[in-house]
Amino acid sequence: MSTELLYYDTPPPEAFTARVVDVRRLTTGDGEVVLDRTSFYPEGGGQPCDTGTIAGSAVLHVRKENDVVVHLIGGATPTVGAEVSCAVDALRRRDFQQQHTGQHVVSAALLRAGGYNTVGVHQGDAYTTIEVDAPQVPAAMLDAVEDATNAVIMADLPVTTEWADESTIDRLPLRRPPKVSGSIRIVRIADLDCVACGGVHVGRTGEIRLIRIIGTESIRGNTRIIVKIGDRALRDYRDASRIVSNLSRTLSAQPAEIEARICQLTDRAERAETAVADRDARLQRLTAAQLRWQSRSIGNVSLIASVLRDESSGFLRGVTETLIAEGSTVAALASVDGDRVLWSVGASVDTGMTFTTSRARMLALIDGKGGGKPPIWQGVGTRPGGIDTFMSAIADAVETGSL
Ligand SMILES: [Zn+2]
């Protein structure tokens, strides 16, 4: 037996009574309920399903199986034959009605203003997207479409539904050919738009309240237009205003000056970063030159082993690179930072040393981790107290040629 579809009524009822015709218990503990009639919209046509309650139990999901609407229920399920009170979540539905009707208005305006055909729609949790058959839509066109849609809202046009079949469908000014056959539901917005659609809509365009196109993205050679519709558009405007006024205060700039101020600050930060990098490089070269004085000759190799304070691993790497670049050098550097010790070991390629065989044994001395590949290895240890032993062990390994 097919379900009577109350959500096709205009307007669709938010509260209704129905008789339970089937109940299935699921292994998850939830239940599936079929009613003789329902106003719960099942997921489909780019529109999410309604939620609400059936006999006080939460409706988690609604789907359509052929001509039957199946409600997924959390908690107690009613018994077959019972007459139950049902309530649709009105706020959630109102949002979908605004999204769906708003999408029709935007699609109609895109076609009228620029000849763009809607080839796909999606109602997301945050915004609705409309995909059109063009690689790009100019910003001025989007503004014109937005103005046209808000004029339709202000005109408060009636949204009506009717049924058509093969014999009458050709006489209708459809925006696009229907995807279904047989008895087809037609949704009209006065003489602005006429399209086959099974979704829930508002009764008049004024209920859409506001439409704001917030951006576009490219997809498969088409353009996806991102739209805030209805109460969502108002909330988005409120959030955006709050962000702008916070930025205005933080930057001590008028809203119109915020972009320029941020560009100025970004430029300044980039210049400062370059200056710091230059200075770091100079400091690394100076440190390397200083450490060179403390080197020990072991055979043909100069060994530099030193513990620095509060330096970054990038700094240790830079100094190590400078030292081993001169050849015949092994450099072992560390920097203690509270409970951590950063380590860096480098060996000039001509020494033939690769810090492979002894690494695990050495790192155990500082509870260290890390690795690398010739000619530099780096990491972190959690036992700064072991760092002197670590340095001595490196010296021993260089001496015995077992680094
Ligand atoms: Zn629709």
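Begin by selecting Phe 390, which is buried, with a relative accessible area of 0%; buried means under 20% relative accessible area, exposed over 50% and partly exposed in between, with a 1.4 Å probe and protein chains only. This is a predicted model, in which local features need pLDDT of at least 70 and side-chain atom pairs count only at pLDDT 80 or more, while totals for chains, interfaces and linings use all residues. Residues are numbered from 1 along each chain as its sequence is written, and side-chain values use heavy atoms, with hydrogens and water left out.

Trp 343 and Phe 390 form a tilted aromatic pair, 6.4 Å centre to centre with 55 degrees between the planes; rings of Phe, Tyr and Trp (its six-membered ring) pair if their centres lie within 6.5 Å, and planes under 30 degrees apart count as stacked, over 60 as edge-to-face and the rest as tilted. Because Trp 343 lies in strand E19 (residues 340-347) and Phe 390 in helix H8 (residues 387-400), the pair ties together parts that are 47 residues apart in sequence; helices (H or I, at least four residues) and strands (E, at least two) are DSSP runs, numbered from the N terminus.

The structure holds 7 aromatic pairs. Select Phe 16 and Phe 40 next: their ring centres are 5.8 Å apart and their planes at 70 degrees, so this pair is edge-to-face. Both Phe 16 and Phe 40 are buried. Finally, select Tyr 7, Tyr 8, Tyr 41 and Trp 163, which form one aromatic cluster.
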